[in-house]
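Here is a friendly walk through some aromatic rings and their surroundings. Keep the viewer open as you read.

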Amino acid sequence: MLGLKELLGGKLKFALIATAITLVVSLIMVTTAMSEGLLTGMSGAKSSLDADALVFQKDTYPTFERSILSAADMDVVAGTQGVADAYGVGHTYASVGSVSDPFDVRVFGLGSRFGQLPIIEGTGDVGPGEAVLDETARLEGVEIGDTIVLTPVDAELVVVGFTEGRRYVMVPTVWVDLPTWQELHVASVLGRVADEGGSDPVAAARMAEEFEGSASVAAITLEDGVTIEDVQARLGSEYTVAGPVEAARAGNGMPEMIMAMAGIQGVSVVIGALLVGVFFYITTLHKTSQIAAIKAIGASNAFLYRDLLLQITVLVAVATAAGTLLALGVGAGMPPMMAFDPDPGRWAVAVAAVFGTAYLGSLFSLRSILKVDPATALGRTSA
């Protein structure tokens, strides 16, 4: 076909535009993967919880950091009509001080639901004083069987396993059973009180007793046909109910981050569309005499436009394949702590957007094709 022959005849010209499209496609895919990676790194521990919804203390949504549900609160949630199952999830701050270079972690307590953690090494069978860590902790020198010391609470935990995709605010997470988390959280609170000169053994014992059975949030499974809105209405204004993914994307600056990354991806797609559209528009202008001659011997506008679409399809397909490989290479070369999480579904959407906008950009060329008068070719011939 004429379109393919033109591509083969103008290798350098079309190679340059293919290179430019490759860079645009690669940029879109890298930013998409980094966007997904940031979402996982910032809130994977929250969004991946095995639950239909999370129940927060009033006026604390969507932060684990401020929400506290007492044992009585947990009973209220578990006994609410439409709630099939409920378990507590605790959260507290800490640092690992038993390595050469101390690092911050977030400690999560899970109530009887460790099976939801994807164990990539070791075991997920966690007992008192034991922990599963996100795999990024290995980059800090932590291994299976190590005893880590959490500061400032001076608690010791034995590492029995590693999980993946469970970071929180870009730091590794430490997963313990709920009673262990309760001890760590109380010790952390008492440590702050002690710094202000207000702690004593009697108060410490009383606080620990009162805190027993508590959690930061309740993770719930709903009965068939029950919605989050139904449970919210039944619990009333004393609690806030939200889906795990919704909650994950609502806090810690996530809305702004998602908007920024979406803006970068959108601008990249627009640039790609303009690049393809303008290039083929200029090429079409340069071929006015050829188009006129082809029209003069009977070629229709539809035939010429189909050839143009064929060229765009081949060019963008080659550029997409090269851009995908380039993006994967960039991701492989990133430091392990960088957030890079290729999502085939998101990448497929990005590729579809590039093709769609490229075809849209071809309308500039179609306008030029329609305006070419075949009589101009006849006039040049007779001259």
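## Rings, a helix and a threonine

Phe355 and Tyr359 sit four residues apart in helix 11, about one turn of the helix. An α-helix has 3.6 residues a turn, so residues three or four places apart point the same way. Please keep in mind that this is a predicted model.

Are these two residues buried or exposed? Phe355 is buried, because its relative accessible area of 17% is under 20%. Tyr359 has a relative accessible area of 30%, so Tyr359 counts as partly exposed.

Helix 11 itself covers residues 344–371, which makes 28 residues. From its first C-alpha to its last it reaches 41 Å, close to the 40 Å expected at 1.5 Å a residue.

Now for the rings. How many aromatic pairs are there? The count comes to eight. One of them joins Phe108 and Trp175, which are stacked because their planes are at 20 degrees, under the 30 degree cut-off, with the centres 4.9 Å apart. Phe108 belongs to strand 3 (residues 103–110) and Trp175 to strand 8 (residues 173–177), so this pair ties together parts that are 67 residues apart in sequence. Phe108 is buried, with a relative accessible area of 0%, and Trp175 is buried too, at 1%. The pair of Phe355 and Tyr359, by contrast, is tilted.

Here are the two pairs side by side:

| Pair | Centre to centre | Angle between planes | Arrangement |
|---|---|---|---|
| Phe108 and Trp175 | 4.9 Å | 20 degrees | stacked |
| Phe355 and Tyr359 | 6.2 Å | 45 degrees | tilted |

Phe108 and Trp175 are also part of a cluster linked by ring pairs, together with Phe56, Tyr61, Phe64 and Tyr168. Phe64 has a charged neighbour as well: Lys46 lies over the face of its ring, 5.0 Å from the ring centre. Elsewhere, the charged end of Arg138 sits over the ring of Phe162, at 5.0 Å from its centre.

Finally, a look at Thr92, which lies in strand 2 (residues 83–96). Thr92 is buried, with a relative accessible area of 3%. Which side chain does the side chain of Thr92 meet in a polar contact? That partner is His185, at 3.4 Å. Leaving aside residues up to four places away in sequence, Thr92 touches Arg106, Val107, Trp181, His185 and Ser188.

Technical notes. Residues numbered from 1 in each chain as written. Predicted model: local features only at pLDDT ≥ 70, side-chain atom pairs only at ≥ 80, totals over all residues. Heavy atoms only, no water. Helix = DSSP H or I, 4+ residues; strand = E, 2+ residues; numbered from the N terminus. Expected span 1.5 Å × (residues − 1). Phe/Tyr/Trp six-rings, centres within 6.5 Å; stacked < 30°, edge-to-face > 60°. Buried < 20%, exposed > 50% of the residue type's maximum accessible area, 1.4 Å probe, protein only. Lys NZ or Arg CZ within 6 Å of the ring centre and 35° of its normal. Polar contact = N/O pair within 3.5 Å; in protein donor to acceptor, adjacent residues only side chain to side chain. Contact = heavy atoms within 4.5 Å.
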